[in-house]
Amino acid sequence: MNNPKRIAIFGSTGSIGTQALEVIAAHPELLSVEVLTANGNDDLLIEQALRHNPNVVVIGGDNAKYAKVRAALEHTDIKVFSGDAALVEVAAMDIYDLMLAAIVGYAGLRPTLEAIRNGKAVALANKETLVVAGDIVMQMAMEKRVPVIPVDSEHSAIFQCLVGEHRNPIEKVILTASGGPFLGRKTNYLVNVKREHALQHPNWNMGAKISVDSATLMNKGLEMIEAKWLFNLKPEQIQVLIHPQSIVHSMVQFEDGSIKAQMGLPDMKLPIQYALAFPNRLANSYPRCDFRKFNTLNFDEPDYRTFRNLPLAIEALKKGGNLPCVLNAANEVAVWAFLQNRIGFLDMTDIIEQTMQKVSWIDKPSIDDYYHSDGEARLYAGELMKL
Ligand code: NAD
Ligand code: MG
């Protein structure tokens with residue numbers, strides 16, 4: 001029997017991270033946990049470490065939390081590190097085979113790049129990594145011959161549709177979107193919505209940032225950019241359709257007009273499991289989709305006029321360069337401020353739009369240009385909110 005695949009979960013205390021631990025715990029003969037990392041949730045990190053016995057854990061750069069995690073794991077062999085630099089150092093260590101990149105936001109970029117640079121396979125949940133620097137990330141993955149396996153459900157669906165089709169060009173992909181909690185609502189309603197409303201997603205239970213992104217449809221815009229890099233697509237090959245039931249996770253149309261879809265109940269454990277075990281499918285007893293209960297599946301055009309983040313993301317997708325990086329940074333700042341109840345739901349769009357106009361455009365950015373554009377965009381978006 002082969003040794004278990006050694007998994008490093010970057011962002012283990014989040015929605016994706018905790019579900020990944022459930023998947024791994026169900027298959028100890030195939031998968032083992034070697035690295036766990038968390039930013040703030042020291043208690044959960046300690047609990048996870050004691051249960052899964054990894055080689056290394058990393059806690060965010062707060063000294064008190066670092067001391068607490070160290071003390072709690074003192075009687076074990078688990079090594080404890082702290083801070084952003086440690087995340088990158090651990091990503092380079094030869095103690096794991098596959099990184100599950102499940103940190104949220106721009107913070108996931110450097111450790112993921114470092115994993116690829118060191119020849120590690122990556123199961124990618126952190127879509128912002130590809131939004132910010134997709135060209136550099138995918139180029140490095142090609143040079144190092146490492147797979148980047150999508151975890152995002154839509155991209156996992158496309159990836160699954162493409163198995164066995166590697167000689168067949170894609171005509172287009174159809175990214176499905178649930179529409180989020182405000183599907184069908186108009187601007188006069190959105191102006192008053194608060195954090196609590198935005199966090200109530202109808203079909204998925206996710207971290208706070210992606211829940212807000214789903215409510216604004218920015219999530220689908222980020223996913224269009226993610227799809228461009230993962231599957232080497234032109235913007236016009238990526239279509240978004242609202243599909244409120246979230247049963248069809250996405251579709252691929254080939255050059256003969258044939259369309260393949262990947263379907264199932266909405267449960268992130270499925271794409272997580274597929275990415276960790278690829279190319280194998282592991283048996284499980286999760287609930288199955290009964291089409292008699294879903295006897296109507298709807299597909300509609302998104303409301304681009306109401307949900308203006310989506311056209312902004314499409315503009316960034318089409319123009320390219322550092323614009324997706326700027327869009328992402330402004331969005332992260334705006335979502336953070338919305339979650340703190342400092343700005344309204346529609347203000348997020350204005351902040352992103354103005355930041356995209358302000359930061360100078362770079363056609364072919366280097367990685368340092370991306371780091372710089374991210375900083376510049378955050379600074380400007382932050383200033384806009386003080387007005
Ligand atoms: P989450 O907020 O629940 O968890 C984020 C994790 O990242 C936590 O472990 C947290 O400690 C860590 N983290 C946060 N900020 C950090 C920082 N600055 N430095 C280091 N670590 C940090 O988020 P999530 O919902 O699990 O999403 C994770 C990623 O997966 C996101 O990029 C999201 O877009 C993507 N994703 C999530 C889902 C989902 O169902 N939750 C679906 C598709 C894609
Ligand atoms: Mg998704």
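Me: Why does D256 count as exposed?

Reply: In this predicted model, D256 has a relative accessibility of 64%. Exposed means over 50%, so D256 counts as exposed. D256 sits in the loop between strand 10 (248–254) and strand 11. Its C-alpha atom is separated by 33 Å from that of N309, 53 residues apart along the chain.

Me: What makes V56 buried?

Reply: The relative accessibility of V56 is 1%. The cut-off for buried is under 20%, so V56 counts as buried. V56 belongs to strand 3 (residues 56–59). From V56 to E34 there are 22 residues in sequence and 6.4 Å in space, C-alpha to C-alpha.

Me: Why is N341 called partly exposed?

Reply: N341 has 48% relative accessibility. Buried requires under 20% and exposed over 50%, with partly exposed in between, so N341 counts as partly exposed. N341 is found in the loop between helix 14 (323–339) and helix 15 (347–358).

Me: Where does N53 lie, and why does N53 count as exposed?

Reply: The loop between helix 2 (42–52) and strand 3 holds N53. Its relative accessibility is 53%. Exposed means over 50%, so N53 counts as exposed. N53 is not a glycine, yet has a positive phi of about 50 degrees.

Me: Which peptide bond is cis?

Reply: The bond that joins F278 and P279 is cis, with omega about 5 degrees. Most peptide bonds are trans. P279 is in the loop between helix 12 and helix 13 (309–319).

Me: Why is the pair of F338 and F345 called edge-to-face?

Reply: The ring centres of F338 and F345 are 5.7 Å apart and the planes are at 75 degrees. Rings pair if their centres lie within 6.5 Å, and planes over 60 degrees apart count as edge-to-face. The F338 and F345 pair meets both conditions, so the pair is edge-to-face. Both F338 and F345 are buried. The whole structure has 6 aromatic pairs.

Me: How do you know that R110 lies over the face of Y371?

Reply: R110 is at 3.8 Å from the ring centre of Y371 and lies over its face. The distance limit is within 6 Å, and the charged atom must also be within 35 degrees of the ring normal. K269 likewise lies over the face of Y286, at 5.1 Å from the ring centre.

Me: What lines the second largest pocket?

Reply: The second largest pocket has a volume of about 450 Å³. It is lined by 23 residues, of which Q262, M263, L270, R281 and N284 are the closest to its centre. Helix 7 (153–162), strand 11 (259–263) and helix 12 (269–277) each give two or more residues to the lining. Helix 12 has the largest share, 4 residues. By class, the lining has 11 nonpolar, 9 polar and 3 charged residues.

Me: Which feature does UniProt list for residues 7–134?

Reply: The UniProt record, an unreviewed entry, lists "domain: 1-deoxy-D-xylulose 5-phosphate reductoisomerase N-terminal" there. In the model, residues 7–134 are 45% helix and 22% strand, and the end C-alpha atoms lie 23 Å apart.

Technical notes:
Residues are numbered from 1 along each chain as its sequence is written. Chains are lettered from A and ligands numbered from 1 in the order in which they are written. This is a predicted model: local features need pLDDT of at least 70, side-chain atom pairs count only at pLDDT 80 or more; totals for chains, interfaces and linings use all residues. Side-chain values use heavy atoms; hydrogens and water are left out. On a 1 Å grid over the protein atoms alone, a cavity is a set of points where a 1.4 Å probe fits but cannot get out, and a pocket is an open set with protein on both sides within 12 Å along at least five of seven lines; lining residues have an atom within 4 Å of a point. Grid points are joined across faces, edges and corners, and a volume is the space filled by probe spheres set on the points. Ala, Val, Leu, Ile, Met, Phe, Trp, Tyr, Cys and Pro count as nonpolar, Asp, Glu, Lys and Arg as charged, and the others, Gly among them, as polar. UniProt positions are given in the numbering used here, feature names are shortened, and annotations may be inferred rather than shown by experiment. Rings of Phe, Tyr and Trp (its six-membered ring) pair if their centres lie within 6.5 Å; planes under 30 degrees apart count as stacked, over 60 as edge-to-face and the rest as tilted. Buried means under 20% relative accessible area, exposed over 50%, partly exposed in between (1.4 Å probe, protein chains only).
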